Amino acid sequence: MEVVMSTVERVEVVLPGKVEPEGLEIRYGQPVPTPAAGQVLIGMEATGVSFAEQQMRRGRYYDQPPFPFVPGYDLVGSVLAVGESVGPDLLGKQVAALTKTGSWASHVVLDAADVVEVPAGLGAAEAETAVVNGITAWQMLHRKARVRAGQTVLVHGANGGVGSILIQLALGAGVRVIGTASARHHAALRALGVSPVDYRGGNVPARVRELTPEGVDTVFDHVGGRSVIDSWQLLAPGGTLVSYGSAATRDDEGSGQWPVLKLLGQVWLWNWLPNGRRAYFFNVWAGRAFSKNRFRSRLRTDLTQVFTALQRGEITARVAAELPLARAGEALRLAESGTVAGKVVLVP
């Protein structure tokens, strides 16, 4: 094993069970893990608070591990050590990775094949905003919807972590964007060139129909529930629905798997009917179980595209707040409040 710097101890945040954000546990003095063959040790420099953690603390994320575990969906950090068969050129490099869990820690071991280098000039927090949010937005826009210039899309939650990147990428592709958001975000959306719709202001489908009577070419819906049915009905002939979450059921009781299974069943039914429209349920991890190499190649290609767009200013990083790892409970509470725009980021 080659090491670029010495390390002392590992700090981690543990989700012990179904708890309020204040119930997260901070554990100090843990041994720093050693990378095995093919692995790297990363010193975390930024990790995000995503909607997944909001679901996980309620026990409602589709395939979360059993409690207790360390949450954390993605990270940016520097490679501190490499295991056997990993080239030493990675030492000291700043990298990003999708993890699903485990990133809310000062030190994280990952397979070297799962990390993507962060281009020079991007700060850790800035790059962090574009990892899971950016890859989700990019793949939904270009791999699923395959949008084209001149089309019209509807983005629910246009001010959110995924939504804010999605609208910028869509506008950059020459697409007209309608975005739902609370009224306080409308001025900022208009300044970007988005037509805003207040999701709290009554009949959202009727308001969208006023803006585009013929329907929209694509809807990106993270809400689920009744919203996804409305989204389907708003599609123009030949249109595409991309469903990628079930935010409406976050606070429900019972199985966390049922909302996703219900969405999958609905998508299957819509695609079976001869209606000239398409529906997808997007999962950023799709395909990994069948072809890990293909998944990694696609992830590296697409995340590099996102980072390039960030470098060029085609998309803007939106850091809502930076808090130290030891204040993870406060960060999670802030992310759940709905009062901030952009991503809440944890730093060492």
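Predicted model: local features only at pLDDT ≥ 70, side-chain atom pairs only at ≥ 80, totals over all residues.
Residues are numbered from 1 along each chain as its sequence is written, and side-chain values use heavy atoms, leaving out hydrogens and water.

View A. Follow the chain through strand 10, helix 5 (residues 186-192) and strand 11, and you trace a right-handed β-α-β unit. Helices (H or I, at least four residues) and strands (E, at least two) are DSSP runs, numbered from the N terminus. Strand 10 pairs with strand 11 (residues 195-198) in the parallel sense, over four bridges; two strands pair if DSSP finds at least two bridges between them. Look for Ala 181, whose bridge partner in strand 11 is Asp 198.

**View B. Strand 9 meets strand 10.** Strand 9 (residues 152-155) runs parallel to strand 10, and four bridges join them. How many of the six residues of strand 10 (residues 176-181) are buried? Five are, where buried means under 20% relative accessible area with a 1.4 Å probe, protein chains only.

**View C. The largest cavity.** The model has one cavity of 30 Å³ or more, and the largest cavity holds about 60 Å³ of space. Its lining has 13 residues, and Thr 129, Gly 161, Ser 164, Ile 165 and Arg 318 are the closest to its centre. On a 1 Å grid over the protein atoms alone, a cavity is a set of points where a 1.4 Å probe fits but cannot get out, while a pocket is an open set with protein on both sides within 12 Å along at least five of seven lines; lining residues have an atom within 4 Å of a point. Helix 4 (residues 161-172) gives the most to this lining, with three residues.

**View D. The second largest pocket.** This pocket contains about 270 Å³ of space. Among its lining residues are Gln 139, Phe 281, Asn 283 and Arg 298. Helix 3 (132-144) gives the most, with three residues.

Notes:
Points joined across faces, edges and corners; volume = space filled by probe spheres on them. Buried < 20%, exposed > 50% of the residue type's maximum accessible area, 1.4 Å probe, protein only. Right-handed = clockwise from strand over helix to strand, strands pointing away.
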